[in-house]
Amino acid sequence: NPRIRTSEPVTLDATAGAVTVRLRTGASRSTAAAVDFTVSGLVPGATWYLHEDDLHRDTPLTVDATGAARFSKDTAKRHLLSLTATRGSIELSSATCSSPTDAGSATTIGTWDAARKTCTLNADYATPPIYIVEDGLTLDCLDAATGRRRTIGGALRASFGVQVLEKANVTVRNCNLTNVDFGIDSVHASNFSAEHVSVFQPPAVLPGSIGFKLEGIDAGFRNLATADFDFGIKANQAANLQVNGASLRFGTAGVVVSESDGVLLENVTLEEAASAASRTDPFPAVSLSNARGVTVRGLRSTHIPSFAAALSADLGVSNLNVEGAEIRGAVIAINLFETPGAVISGSTLTDNDEGLFVEGTAKPVVFHNNIYGNRLRQVFALGPLELSDTRTGSHTFGQGNWWGRSCPAPLFVAGSDSSAANVLDSHPYGRASAWATGGAP
């Protein structure tokens with residue numbers, strides 16, 4: 001539970017894990033030559049290591065009797081500062097891939113393939129981080145002889161598994177990462193990709209841990225998995241971020257996206273960790289804020305009762321498109337707060353407390369969904385809302401949803417299925433997914 005104090009006002013983003021305090025600083029408003037930082041809440045007498053903008057060079061800091069570590073930095077430009085309780089990393093490049101894992105060791109880090117610019121790990125690597133320092137490099141953890149993925153991480157808790165800082169066209173694939181605060185940490189990297197990567201914790205969630213921490217990047221990810229991290233994926237200031245296939249078990253949130261543009265989350269499966277049940281401050285499982293042009297396709301969530309909502313779009317989210325979601329067992333399936341341009345279609349929301357919860361004046365387009373069997377209401381809205389496709393000229397104009405009711409009974413009952421008489425579906429269907437087989441509302 002570290003606390004951070006600065007001698008002058010600075011723009012600061014802070015994240016802490018079990019053995020890591022990570023600070024991203026912006027420019028200071030002060031004219032001082034340097035800003036003093038105090039990080040308190042640490043174990044007195046311990047040695048921590050300060051890394052500035054990379055993980056390979058460090059400055060040892062001794063924690064004083066009050067539990068504080070102190071240092072000064074020029075904040076005229078931005079910095080990425082990592083304060084870690086463990087030391088060391090591999091700087092991975094074409095030149096170092098075939099180097100010994102340790103001085104005098106006969107085992108090399110990996111095998112270098114110059115044609116593919118790929119470093120393939122030769123064995124499990126127990127003492128991360130691995131710090132990739134070369135553009136265009138691929139780290140591959142697949143043991144071709146056995147088909148097994150190599151593991152990065154061991155018995156000693158580490159700060160990072162793999163870090164990519166301000167590099168282009170880097171790929172990490174076929175890796176298992178374990179016992180780290182941050183699995184993959186990517187900052188201001190362009191065209192970064194991760195494929196078939198799993199990050200897991202033994203044996204339980206540690207507060208602050210993040211499977212995939214992404215800042216200021218454009219990236220593509222396929223077939224990811226996290227188990228028992230506090231956060232599965234946390235992305236800030238991302239552009240053109242694509243996640244295609246992810247299975248996330250988490251304590252606080254599966255996906256957090258903020259200050260980002262052009263995001264695709266496709267085929268993401270959510271599962272809460274056992275520790276989530278003890279939370280006193282429920283968080284959305286997928287949280288979107290100040291994000292523009294977000295598509296969530298094929299989201300699957302079947303039992304997350306400890307979270308405020310399965311999917312929540314907050315103030316500043318625009319042009320959100322939710323397609324083909326299946327959400328069961330949540331408090332609120334989808335929560336929208338002032339999200340202009342939102343479209344919800346092709347989804348099933350059932351067995352939740354609330355199906356769809358709409359706050360604010362922005363009106364979503366809601367059509368071709370099966371919304372039924374939610375315990376309190378199918379839809380809650382603070383103002384009038386038409387629950388069908390209201391877009392003139394759309395080929396689905398005037399088509400609504402199925403609410404669990406069949407003919408000859410009323411197919412939608414405003415004030416019962418919804419929170420008020422003016423929250424209604426004027427074009428409901430009489431059976432589930434009737435639109436898929438050409439049925440008319």
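Cys 119 is buried, with a relative accessible area of 0%; buried means under 20% relative accessible area, exposed over 50% and partly exposed in between, using a 1.4 Å probe and protein chains only. Before we go on, please note that this is a predicted model, in which local features need pLDDT of at least 70 and side-chain atom pairs count only at pLDDT 80 or more, while totals for chains, interfaces and linings use all residues. Residues are numbered from 1 along each chain as its sequence is written, and side-chain values use heavy atoms, with hydrogens and water left out.

## Two disulfides

What is Cys 119 bonded to? Cys 119 forms a disulfide with Cys 97. A disulfide is a covalent bond between the sulfur atoms of two cysteines; here the cut-off is a pair of cysteine sulfur atoms within 2.5 Å. The structure holds two of these links, set side by side in this table.

| Disulfide | Sulfur to sulfur | Angle about the S-S bond |
|---|---|---|
| Cys 97 and Cys 119 | 2.2 Å | 90°, right-handed |
| Cys 141 and Cys 175 | 2.0 Å | 75°, right-handed |

Cys 97 lies in the loop between strand 9 (90–92) and strand 10 (110–113), and Cys 119 in strand 11 (residues 118–121), so their link ties together parts that are 22 residues apart in sequence. Strands (E, at least two residues) are DSSP runs, numbered from the N terminus, as are helices (H or I, at least four residues).

If you count the bonded cysteines along the chain, the pattern is 1-2, 3-4. For contrast, Cys 407 counts as exposed, at 59% relative accessibility.

## The nonpolar cores

A nonpolar core is a set of buried Ala, Val, Leu, Ile, Met, Phe, Trp, Tyr and Cys residues joined through side-chain atoms within 4.5 Å. The largest one has 84 residues, and Leu 92 and Ile 334 are among those with the most contacts inside it. Its largest share, eleven residues, comes from strand 24 (residues 239–272). A second, separate core of 15 residues includes Leu 23, Val 35, Phe 37 and Leu 61.

Which residues does Leu 92 contact, leaving aside neighbours within four places in sequence? Among them are both Cys 97 and Cys 119, along with Ile 132 and Leu 139; contact means heavy atoms within 4.5 Å.

## Strands and their partners

Strand 8 (residues 79–84) has six of its six residues buried, so it is largely enclosed by the rest of the structure. His 79, Leu 81 and Leu 83 point one way from strand 8, and Leu 80, Ser 82 and Thr 84 point the other way. Strand 5 (residues 47–52) runs antiparallel to strand 8 and is joined to it by four bridges; two strands pair if DSSP finds at least two bridges between them. In this pairing, Leu 50 has Leu 83 as its bridge partner.

Strand 33 (residues 354–359) has five of its six residues buried. It pairs in the parallel sense with strand 30 (residues 332–337) over five bridges, where Ile 334 stands opposite Leu 356. Strand 33 also runs parallel to strand 36 (residues 377–381), with four bridges, and there Glu 354 stands opposite Arg 377.

## Aromatic rings

A pair of aromatic rings is described by the distance of the centres and the angle of the planes. Rings of Phe, Tyr and Trp (its six-membered ring) pair if their centres lie within 6.5 Å; planes under 30 degrees apart count as stacked, over 60 as edge-to-face and the rest as tilted. The whole structure has nine such pairs.

Phe 37 and Phe 71 are stacked, at 5.2 Å centre to centre with 5° between the planes. Phe 37 lies in strand 4 (residues 35–40) and Phe 71 in strand 7 (residues 68–73), so the pair ties together parts that are 34 residues apart in sequence.

Tyr 372 is partly exposed at 24% relative accessibility, whereas Trp 402 is buried at 12%. Elsewhere, Phe 192, Phe 212 and Phe 221 form one aromatic cluster.
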